[in-house]
Amino acid sequence: MAYNLFENATMAIKTLGANKLRSGLTMLGIIIGNASVIAMVAAGQAAQGYVTRQFESLGTNVLFVTPGDAQRGPTAGVSRADTLTLADAEAIAAEVLAVSEVSPEKNQRLRVTHGAAETQANVIGTTPDYLTVRQITLAQGRFLSPVDVQSNLPVAVLGSETAQTLFGDQDPINQGIRVDNVRFMVVGVITPRGSSFGQNQDETVYIPIQVMVNQITGQGGGKTSPTVQTIAVSARDATSASAAIYQITNLLRLRHGLLTQENDFTVQSQQDLLDTAASITDILILVLGFTAGISLLVGGIGIMNIMLVSVSERTQEIGLRKAIGAKGSDISVQFTIEAIILAVIGGAIGTSLGIASIGVLTLATPLSAGISLSAIAISFTVSGSTGLIFGLLPARRAANLDPIVALRS
């Protein structure tokens, strides 16, 4: 039995070698399918890792309080998405025991100049707690201090790219800049942070939030507290996050007079955002893998088609072998082995191309793609099974040929 199998395999290899071009074109579908599955799954997993790192860069144990109801849209139940105020942030800091730092944020993209140099930067009005909540480190100088906020001092901390654009190789500390024609003194520069969700975190200017509302947006001095776009809150530890969400929700509902109405704000933890992103990327990986897997199906149909043509072309060979004593099972095994060899070799080449494409993806994009052993195992197994399954019909047709009819043809 082992000898017959070896003999059939040898004959199959010789037959495929005699038709190199046709064999290569037949394997093309399997090659593309395997490479696509491995590359697509790797890209999806890399995207998932990238999104996770983006959220982690926002800080640890962070909660985000934003205007509007996340379940029904940012303006659900309210006329405008401006339901959070600076007074809300102050109340959270004073009354919610489960939080350690609170950082309200009001930002606007504005023109920033120093002499003849100018740039567009995301100007963020915030408080000293922003440094801890968002885990910022300083390259030079200092961050905003409580005195800066309480005294409405026009001081600014620059992102690394903003500092480079405005000052080049000069030391920016204690230098003057203008933000929307308001003069500020630079007191610090933060270390490079990169991009987060398409926003360059190094093209930034941080100023005291009271200066932002009084001199930039013009909201200060009124009877109502100035609105803010986000309140970032740092829970005392990971176990305090749930308690902080509960306490913040109750506090803001009381402050906003929401007796029976839906919330006009949303409190989300970093883990909530991570879970949402993970569910989206899991679906993305599944869709990408399924789409790429269709190529394997197409490749299998290609193998079956070529093997059926091969049976038609080799009817005389089949008839001669049967006439000298070959069994139908021998003929069936030979054609099945040919189909499996095509699928396995195509799978091996496709796997190599898929692994190579992962390296290209890592070098050419910000995604850090890794080799998924499970994707390789699944795609290679599927390609081998494809050869077996789609080779059975041609093999059975060859085995059932009548030797006399075959010889006459």
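Me: In which helix is the place of L21?

Reply: This is a predicted model. In it, L21 sits in helix 2, which covers residues 20-56.

Me: Is L21 buried or exposed?

Reply: The call rests on relative accessible area, and over 50% counts as exposed. L21 has 66%, so L21 is exposed.

Me: Turning to rings, how many aromatic pairs does the count come to?

Reply: Rings pair if their centres lie within 6.5 Å. By that rule there are 3 aromatic pairs. One of them is Y130 with F143: the ring centres are 6.4 Å apart and the planes are at 20 degrees, so this pair is stacked.

Me: Which parts does the pair of Y130 and F143 tie together?

Reply: Y130 belongs to helix 4 (residues 130-133), while F143 is in the loop between strand 4 (138-141) and helix 5 (146-150), so the pair links parts that are 13 residues apart in sequence. Both residues are buried.

Me: How are the rings of Y130 and Y206 placed, and why is the pair called tilted?

Reply: Planes under 30 degrees apart count as stacked and those over 60 as edge-to-face, with the rest tilted. The centres of Y130 and Y206 are 5.3 Å apart and their planes are at 50 degrees, so the pair is tilted. Y206 lies in strand 10 (residues 204-208) and Y130 in helix 4, so this pair ties together parts that are 76 residues apart in sequence. Y206 is buried, as is Y130.

Me: Which residues form one aromatic cluster with Y130?

Reply: F143 and Y206 do; with Y130 they make up one cluster.

Me: What of E105: is it buried or exposed?

Reply: Buried means under 20% relative accessible area. E105, at 6%, is buried. E105 is part of strand 2.

Me: Which residues is E105 in contact with, leaving aside neighbours within four places in sequence?

Reply: Contacts are read from heavy atoms within 4.5 Å. With those neighbours set aside, the contacts of E105 include Y130, R134, I124, T126, I209 and Q229.

Me: Which are the buried residues of helix 3, and what do they pack against?

Reply: In helix 3 (residues 86-95) they are L86, D88, A89, A91 and I92. These pack against strand 2 (99-114), helix 7 (209-216), strand 11 (230-235) and helix 8 (241-255).

Methods:
Residues are numbered from 1 along each chain as its sequence is written. This is a predicted model: local features need pLDDT of at least 70, side-chain atom pairs count only at pLDDT 80 or more; totals for chains, interfaces and linings use all residues. Side-chain values use heavy atoms; hydrogens and water are left out. Helices (H or I, at least four residues) and strands (E, at least two) are DSSP runs, numbered from the N terminus. Buried means under 20% relative accessible area, exposed over 50%, partly exposed in between (1.4 Å probe, protein chains only). Rings of Phe, Tyr and Trp (its six-membered ring) pair if their centres lie within 6.5 Å; planes under 30 degrees apart count as stacked, over 60 as edge-to-face and the rest as tilted.
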